[in-house]
Amino acid sequence: MQSVTTQKIGNILVIVVNNPPVNALSWHVRQGLSDGVDQGLNDPEIEAMVLRCDGNTFIAGADITEFGKPPQGPDFNQVLRTIESATQPVVGAIHGTALGGGLETALVCHYRIAVPSAKLGVPEVKLGLLPGAGGTQRLPRIVGVEAAATMCSLGEPVSASKAASMGLVDRIAGEGSLAEDAIAYAKELIAVGPRATRDLPVKGDTAIIEQLKAANARKWKGFEAPYANLACVEAATKLPFDEGMAFERAEFMKLMGGSQSAAQRHMFFAERQAAKIDGLPKDLPLRTVNKVGVIGAGTMGGGISMNFLAKGIPVTIVEMVQENLDRGVGVIRKNYEASAAKGRFTTEQVEGMMALLTPSLTLESLADCDLVIEAVYENMDVKKEVFGKLDAICKPGAILASNTSYLNVDEIAAATSRPQDVLGMHFFSPANVMKLLEVVRGEKTAPDVLATAMAIGKKIGKVAVVAGVCHGFIGNRMLSTRQQPAMQLLLEGATPEQIDKVHTDFGMPMGPFQMSDLAGLDIGWHRDPSRVETIRDALCAAGRFGQKNGKGFYDYDAKRVGTPSAEALAIIEEFRATSNLPKREISEQEIIERTLYPMVNEGYKILEEGKAQRASDIDVVWIYGYGWPIYRGGPMFWGDLEGAGKIVEALERHGVAVAESLKAKA
Ligand code: 3HC
C-alpha cells in the first residue's frame with residue numbers, strides 16, 4: 001500500500017497521506033509528499049492543491065522511531081520548502097491532530113481548513129526537542145510571538161476554534177465533510193493565489209518570553225528544551241527567515257544529540273509499552289466495571305475514589321465509624337471545590353461527582369460493586385479479615401483489589417475462595433494526582449482480571465504498570481535500597497541536607513530525608529522513647545515526627561517549608577557518636593554511588609526475578625510515581641548512560657551484592 005496517493009479532481013490535485021496509525025512523517029511519506037507536490041507543479045491543468053490524511057488523524061509529527069538512525073529519503077525541510085514555494089495555492093485539510101512536523105507541514109500550506117474537533121500543536125518540547133522544521137520561525141509569522149512562544153515552550157495543543165481565532169486555521173469545515181469542504185475552499189483560492197508563510201512579517205512582542213520563563217521556573221528546572229524553544233522564537237523576531245531557520249536547525253541538532261531528548265523519547269515509548277501485558281492477547285475480553293467500592297475513607301481511599309468519580313463512575317465508600325466517613329467525604333468535597341475555584345471544574349460538575357458517591361458504614365453495601373479496592377491500615381491480619389468478608393459479600397466475578405504498598409498479595413488472596421479475582425492496585429499519594437498505578441499480579445490472578453485492572457487504570461488517567469508480588473513491588477522495593485544507605489551515610493558523617501541536595505540537584509522533587517519527613521518518621525516506630533536503636537528512633541524519642549508536627553530531619557514553618565535543624569543535627573551527632581564510626585567528608589559522587597546506584601542494581605534484580613515485565617516499566621514507575629526527572633529517563637535508562645561497568649565497580653567497592661545480569665552487562 002502506498003503511503004501517499006494523489007487524486008485529480010478537475011483542476012484540483014488532492015494529495016492523501018495514509019500511514020497508520022498516526023500518519024507520522026516516515027521517509028516514504030516525505031517521499032510521497034515530495035512526489036505529489038511535484039506532480040501538481042508539473043501539471044498545467046492543476047490550479048490548486050489539497051493536502052489531507054486518511055485514518056484517524058492529520059500528520060501527528062515526525063516518525064520518532066527514525067530519530068537517531070541514519071537519514072533516509074528526502075530531507076523534510078526541503079519537502080516543506082517545495083510545498084511553500086508552490087505556484088498554485090495549497091490547502092492543508094486537518095482532522096484529528098496536527099502535531100509537531102504535522103503542524104509544520106500545515107504551516108507551509110498556504111491556507112488551512114480544519115474540522116471543529118481538530119487539535120493543533122507543537123509538542124516537541126515534551127520529547128526534549130523543538131519544532132525543527134520551521135515551526136519556531138513560521139508560527140510567530142502566523143499566530144504572533146506570544147502564542148508561538150507559549151505553544152512551543154509548553155507543547156500544549158489548541159482546539160480548532162482557538163486556532164481559528166489565532167489565525168492558525170483560516171476556515172472551519174463541517175465535521176463530516178472535510179474532504180469536500182477543502183476542495184471547495186481550494187477552488188475559491190485559485191483567484192486569490194498562494195501565500196507563503198515565510199514572507200509574512202513576525203507579529204508581536206517578546207516580553208512574553210521572560211514572562212514564560214518566570215512563570216515556569218520551577219516546572220522547567222533542569223530542562224533544556226523549553227529554553228531552546230524560546231530562544232528560537234526570539235530569533236524569529238531578530239533574524240531574517242533563512243537565518244532564523246539556520247538558528248533553529250542548530251538548536252534542534254543540539255537537543256537531538258543530547259541525553260535529555262533521548263531520555264524523553266525513551267519515555268514516550270516506555271509509557272505506551274507499559275500498557276502491554278506480555279503473553280496476553282490484545283483483544284482479551286475484559287470484565288465490566290460500572291460500579292466501584294472503596295474501603296477506607298482516609299487520604300488514600302478518598303484520593304482513589306476521586307479518580308473514578310471524575311470519570312463518571314459511581315463509588316461506594318466504606319468506613320467503620322460515622323465521624324471518619326463524614327470527614328473523608330468532606331475532604332473529597334473540599335478537594336473538588338478547591339479545583340473548581342481554580343477553574344478546573346464547574347460547580348455543577350462538583351455536585352455531579354459528589355452525587356455519584358455513596359458513603360456507607362457497612363461492607364455489605366459493596367455487594368453489587370464490580371471492583372472493590374481496599375485501602376485500610378497496612379496490616380496483614382486486618383487485610384485478610386477484610387478480604388474474607390468481601391469474599392462472602394461480593395457478587396461472583398467482582399474484582400477484589402488491595403492498595404497495599406508492601407504486603408504479599410498472594411497471602412491476601414488466599415483469605416478468599418476466589419484468588420483468581422484478587423490483585424493489587426497500588427496507588428501513589430496523593431492518589432487523585434499521581435499518575436502511577438502499580439497493578440500487582442498475584443500467582444493466581446486471572447488474565448482478564450489483570451487486563452481489566454490495567455484498562456481501568458488507563459480509563460482513570462493513570463499510567464499503569466504490571467508488577468509481581470515481592471516486598472514493596474517495583475517502586476517501594478527500589479526506594480528502600482536508597483533510603484537505607486542514606487541513613488548509613490548520616491552515621492559516617494554526611495548531613496541530611498547534603499544528601500538531599502545531591503538528589504534535588506539530580507532533579508528529584510525531594511531527597512531521602514525530605515521524603516521521610518513528609519511520610520512521617522513515626523511510621524513503623526515502636527513508640528518506646530527509651531528504646532533508641534536508630535537515628536529515626538532518636539528523632540521520634542525527641543518528638544520529631546516529620547512535617548506533620550513541624551519537626552523531623554528539618555524544622556518546618558507554617559507553610560511546611562523546611563530548613564536545616566540545629567536540634568536534629570545535634571540528635572544525629574549524638575547518636576552517630578555511639579556508632580564508633582569515624583566521621584569523614586562524604587563526596588557528592590559517593591552519595592550518588594551509594595544511594596542511586598543501588599536502585600539501578602535492585603532494578604536488575606527485579607527483572608531477573610520477573611517482578612517487572614521490562615526495564616522501561618521500571619523507568620515508568622520511577623518517573624510517574626516518585627518524580628524521577630523525565631529528562632534522565634528513569635533509573636534503568638540512566639543506569640545505561642552511566643555505564644554498567646562504572647556502576648558495578650562502585651557497588652562492589654561499597655560491598656553491595658551486585659545483580660548477575662548487571663554484572664553481565666558490565
Ligand atoms: N512517531 C512514531 N510513532 C508514533 C508517533 C510518532 N510521531 N506518534 C505515535 N506513534 C505510535 C505510538 O508509539 C503507538 O504505537 P504502538 O501502538 O505500537 O504502541 C501508536 O502510534 C499510537 O499512538 P498512541 O497510543 O499514543 O495513540 P493515541 O491515539 O492515544 O494518540 C497521538 C495519538 C496524539 C498522535 C499521540 O500518539 C502523540 O502525541 N504522538 C506524538 C506526537 C508528537 O510528539 N509529535 C511530534 C514528533 S517530533 C517532530 O515532529 C519533530 C519535527 O519538528 C521535526
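Reader: Why is glycine 442 called buried?

Author: Count the neighbours. Glycine 442 has 24 C-beta neighbours inside 10 Å. A residue is buried if 20 or more other C-beta atoms lie within 10 Å of its own, exposed if 12 or fewer, and partly exposed in between, with C-beta atoms placed from the backbone. The count of 24 meets the cut-off of 20 or more, so glycine 442 is buried. This is a predicted model; local features need pLDDT of at least 70, side-chain atom pairs count only at pLDDT 80 or more, and totals for chains, interfaces and linings use all residues. Residue numbers start from 1 along each chain as its sequence is written.

Reader: Where does glycine 442 lie, and what does it touch?

Author: Glycine 442 sits in the loop between strand E16 (436-441) and helix H17 (447-459). Helices (H or I, at least four residues) and strands (E, at least two) are DSSP runs, numbered from the N terminus. Leaving out residues up to four places away in sequence, glycine 442 touches Val409, Asp410, Ala413, Pro419, Val422, Leu423 and Val469. A contact needs C-beta atoms, placed from the backbone, within 7 Å.

Reader: What makes tyrosine 406 count as buried, partly exposed or exposed?

Author: Tyrosine 406 has 14 C-beta neighbours inside 10 Å, so it counts as partly exposed. Its place is the loop between strand E14 (399-402) and helix H16 (409-413). Tyrosine 406 touches Glu378, His471, Gly472 and Asn476, again without residues up to four places away in sequence.

Reader: How do you know that the length of H22 fits a helix?

Author: Compare the two spans. Helix H22 (residues 566-578) has 13 residues, which should span 18 Å at 1.5 Å a residue. The expected span is 1.5 Å times one less than the number of residues. The end C-alpha atoms of H22 are 19 Å apart, so the values agree.

Reader: Which residues of H22 are buried, and why are they placed on one side?

Author: Ala568, Ile572 and Phe575 are the buried residues of H22. They cover an arc of only 65° around the axis, which puts them on the same side of H22. That arc is taken over the directions from the helix axis to the C-beta atoms. An α-helix has 3.6 residues a turn, so residues three or four places apart point the same way. On the other side of H22, Ala566, Glu567, Ala570 and Ala577 are exposed. The buried residues of H22 pack against helix H18 (475-491), helix H21 (535-541) and strand E18 (554-556).

Reader: What makes H18 pass the span test?

Author: The 17 residues of H18 should span 24 Å at 1.5 Å a residue, and its end C-alpha atoms are 25 Å apart, which agrees. The buried residues of H18 include Arg477, Met478 and Leu490.

Reader: Why is the packing of H18 on H23 called oblique?

Author: H18 and helix H23 (residues 588-595) pack at an angle of about 140°, with axes 8 Å apart. That angle makes H18 oblique to H23. Angles under 35 degrees count as roughly parallel, over 145 as roughly antiparallel, 65 to 115 as roughly perpendicular and the rest as oblique. Axes are lines fitted to C-alpha atoms, for helices over the stretch in contact, and angles run from 0 to 180 degrees between N-to-C directions. Arg482, Pro485, Ala486 and Leu489 in H18 meet Ile591, Arg594 and Thr595 in H23.

Reader: How do H8 and H9 run: roughly parallel or roughly antiparallel?

Author: The axes of helix H8 (residues 207-215) and helix H9 (residues 225-238) cross at roughly 170° and come within 10 Å. H8 and H9 are therefore roughly antiparallel to each other. Ile209, Leu212 and Lys213 in H8 meet Leu230, Val233 and Glu234 in H9.

Notes: Two residues are in contact if their C-beta atoms, placed from the backbone, lie within 7 Å.
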